[in-house]
Amino acid sequence: MTENNKEFAELTKKRSSFKGRITIFSGFVQLLENKTTQLSSKEANELELRIGKLELLYAQFDETQTRLECIADNMDSQLLERDEFESRYYSILSKAQDIYSNYKRSQVPLPSECSLRTGNRPPVKLPTIQLPTFSGTYNSWLEFRDTFTSLIHNNESIDEVNKFHYLRTSLEGSAAVVIQSMECTSNNYQVAWNLLCDRFDNKRLLIQNHVSALFNIDPVTRESAATLKNILDHLNKNLRALGSLGEPVQQWDTLLIHMVSNKLDSKTYREWEEYKGRLDQEHKIELRHFFDFMKLRINVLETIEFSRHTQQPSKQPKLKTFVSTNNGNHINSNFIVNSKPTDSTDSCPKCSGDHKLNSCSQFLALSNEARLRLLPTLKVCFVCLSRSHFANRCKKPGCKFCKRRHSFLVCVADKLKPAVPAERVDSSIISATPSAGNPINNLTLSASVSSASQVGTRRRGDVLLSTALVKLYDSNNREHIGRAVLDSGSTSCLLSDKMFRLLNLPYDHIDRRVLGINNVTSQINKMCHLHMKSLNEQFSINLNCFILPSLTDNVPCRPLDVSSLNIPTDVCLADPHFHSPSSVDLIIGADVFWDILGSQRINLGRDQPTLCETKLGWIVSGPMKLLPLSVSNPIRCNFVNTDSTSDMSNDNIQNQLARFWTLEEVNNLNNRSILSSEQKLCEEHFTKYTSRLSDGRFQVRIPLKYDSTVLSDTLFRAKQCFISLERKLLKEPILCKMYREFMSEYQTLGHMSECELVSECNANFIPHHGILRGSKLRVVFNASFSSKTNNATFNSIQMVGPTVQDDLLSILLRFRQHKYIIIADVEKMYRQILVHPSDRHLQRIIWRDDPAEPLKAFELNTVTYGTASAPFLATRCLKQLGLECDDKRIAEVILHDFYVDDLLTGGDDLSTVLEIRNKVSATLASAQLPLRKWKSNDPQLVSEFTKSSHDLNIGGIEPSKTLGLGWYPESDQLYFPISASKFEGNSKREILSVVSQIFDPLGLASPVIIKFKMLLQSLWLQNLSWDDSLPSTVHKNWLDISKNLNVLNNLSVP
């Protein structure tokens, strides 16, 4: 599958998730609509919160759909998808807002009730009403006249002298000149008011000015909620004024719509045309329709603009990586914040910046005690630092250190405890410590090797890497908060491409390599100059940074419990969120590392990290407490070196390409015999917990390297995925029927059992989907589906285990040495092995045959295809049969002639091979592992099995796919199937897709394949992107060598 196809599938899956959430919200609104009683305050509050989340959902959908439209071949289908989603979104959003508006109106007391309440309560001093001002512009005259008349002119309790005084103080500019020469007396007030009305209360002139204002609306150059609101307010103001002047504005709808819509930006205008298309064709389009559209569009744009400042547009909506204080197109924050759009914190109460208080650089630059003293003056919640409420109404949990009701950013709990011995020593050399490795993802520029389970007498725990928050300045000298790693093992400073694009910095073209551990090489072609400051702005420096697509995984790899760390509150941490996983924007190398490092450090104790003083603040680095499990994390090493050579050597190019062909290389048996600590533990786990049932069937336990409690939100997300799958199946009846038959067979065979649908704390639900190959459907269980909160997956907490079977080349070589050959495979191999009931709660799925039925939960009782440990468990059970077999010859066949579930064996004597077939079948049948699909180069060896063979044609010339190679059973010859008929080769991607079809582990077609490998090497030398057009010389070379590629189909090897 190409990269675009993978990305397209992932984006489509995300879009299906968004649709599922719309459906869930629609069901909630439908329940509220069907209520016969008035909404309760609790239901109204829940509806308000859901509307806010729905508006954020649209921003995420828009980004995903835009990306799909960019990479999709069929733009029309994607536009239809967008239209369908937006129609549902606007429809359900308007219903929800109507329900909420009706509730709010019902809460407004009647005048009589207000009077009654007022009579029973002491008088309340209302805020002073500010008088309007009038500067002489005709557009504001009507508003001023009506307001002043209501408040002053018709108020009989005010005498004429005071009225004149109020009038004079309300006038400015040319309006004030009209009555400037008049004395402030009671007799002159009415004269002054009449003079003012005679000058400005000119009906014709007022109409002309308001009409002119309608025609002079400024065109919108780019979509913006503020601009559209100004247009809407401008339009309403002038229309109301013209209506009060007696103009028939109700008859101007068509003219006004045409006039104003032409002032809109292109995208909003397109949305308006689509909106018109959804209206009833039989009815006239009125101005109210246009107003409704404008309000919806403003709501959408405000939601998008708000979400850009409060959340990351990615798979982790609650974990934000970095915060940009001045750019709405990129949101990153390393703070874990549960944001909601109804919060009234539009700006930071400390610096009035466009960010939250907990991401304010000025606030973070203070010590915990200074922050605590500052909070009362800011009038914010002590728990979540929000201005919308106080701590007594906050629903957020308290401090993770002392468990009290305040934010951990202001925790001073250690001042109340006995003094912790903190050793302060001078140090001239403090090296950056490697961080703990991520057990889930791989590093871009790192070497990950499995560490020994013990180092001396102590097991490894998590290791904190030195991180700091810094201010980075873009091309317009606007500051952005980024996360940096201080790494003395890097000879240069490195900047992520994501942050580089956000800063929009100028760059220089270069041609260099970045070298990591084991000479892992990455090519770089950009370098920029970056201005960096500390959060307190007491330190600044200019950096020369190389640009790389990705620097490292999240640091640390998982959330860490730091409640046991006694960090003094009088130190200002460079990264207050050092314990929360977040991505890295900048690696500060050894070229500036020692300039930043200070001379003091604080040792927090044995097996605890160390606080090191730097000019960026105090960094936390070093080991954490020991892991509760005995499985060690992989070691992460961020050592990076830049090679100053300008050209890449041909040898390095060949080394890079060689890794592409590793599937065809022979595995070193000596290396395979050396097991890592995790592989040893996995083997021990299998030996200890695997058993045989009364019918001989294997029962295994799932080998876990992390506790299953790290999995969360699995039921909710599995429901969303299933609802999305169900909608797809309802649109495709044939596929739906096949899916139901598959799941029915799964249940009939006892491979899954219904269980109670409850959200247990330790239960894990796995999404599933179907893959249709030809006329056969396979249901795949997606155990790599990530948790919403911490990115943990069921696969990521399992031990994969070692490879226990022979390599492919050895099996094929023995296969070609036999005179008589038999091949077969184990029927439903994974599903013949039971999982222990204690582990089945980790393999739950959602399913129902009919959408009218309630959702049901099922437990998968067998080893499941798609889980990380399934290949090891299945092949290890097969190996166990060989180890337990008393017949040495049969044991050798089981141990060495199986590749996963495929058997390839034989011999030189017909009776011997027949005996092997019978005994191997009997041995596997004793463990309920039946062999099927028998094929042989001699019909006598398979004639008894023709009835059970699904696709065998005894005596025919039907080819068979044997472990990636083609094989003619009758003639006992190998061949190379090539499916494509035309080989265009217009890009590197197309050439690679053709060449990858040629699978030759035996090297039989090397004289042909070597030309294609050489061509691929030349392509890498061209530094082309995957979809760039090939140079004419390379393309001509490809056409020359590929025109006879189909000849390989006629090549047979005895």
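Helix H20 passes helix H24 in a right-handed crossing, the term for a near helix turned clockwise from the far one by less than a right angle, with left-handed for anticlockwise. Helices are DSSP runs of H or I with at least four residues, numbered from the N terminus. The model is predicted: local features need pLDDT of at least 70, side-chain atom pairs count only at pLDDT 80 or more, and totals for chains, interfaces and linings use all residues. Residues are numbered from 1 along each chain as its sequence is written, and side-chain values use heavy atoms, with hydrogens and water left out.

The table gives the geometry of two packed pairs.

| Pair | Axis distance | Angle |
|---|---|---|
| H20 (residues 677-689) and H24 (residues 870-884) | 12 Å | about 60 degrees |
| H5 (residues 141-153) and H8 (residues 186-200) | within 12 Å | roughly 160 degrees |

Axes are lines fitted to C-alpha atoms, for helices over the stretch in contact, and angles run from 0 to 180 degrees between N-to-C directions. The angle between H20 and H24 makes H20 oblique to H24. Angles under 35 degrees count as roughly parallel, over 145 as roughly antiparallel, 65 to 115 as roughly perpendicular, and the rest as oblique. Contact, meaning heavy atoms within 4.5 Å, is made by Cys682, Glu683, Phe686 and Thr687 of H20 with Phe872, Leu873, Arg876, Cys877 and Gln880 of H24. By class, these residues are five nonpolar, two polar and two charged. Here Ala, Val, Leu, Ile, Met, Phe, Trp, Tyr, Cys and Pro count as nonpolar, Asp, Glu, Lys and Arg as charged, and the others, Gly among them, as polar.

For the second pair, the angle of roughly 160 degrees makes H5 roughly antiparallel to H8. The crossing of H5 and H8 is left-handed. H5 contributes Trp141, Phe144, Arg145, Phe148, Thr149 and His153 to the contact, and H8 contributes Tyr189, Gln190, Trp193, Leu196, Cys197 and Phe200. The residues of this contact divide into eight nonpolar, three polar and one charged.

In helix H23 (residues 808-817), Leu808, Leu809, Ile811, Leu812 and Phe815 are buried, that is, under 20% relative accessible area, with exposed over 50% and partly exposed in between (1.4 Å probe, protein chains only). Viewed down the axis of H23, the buried residues fall within an arc of 165 degrees, so they line one face of the helix. The arc is that of the directions from the helix axis to the C-beta atoms.

Lys919 lies in helix H26 (residues 910-925) and is partly exposed, with a relative accessible area of 32%. Not counting residues up to four places away in sequence, Lys919 touches Asp887 and Ile890. Lys919 and Ile890 are 29 residues apart in sequence, while their C-alpha atoms are 7.0 Å apart in space.

Notes:
Helix = DSSP H or I, 4+ residues; strand = E, 2+ residues; numbered from the N terminus.
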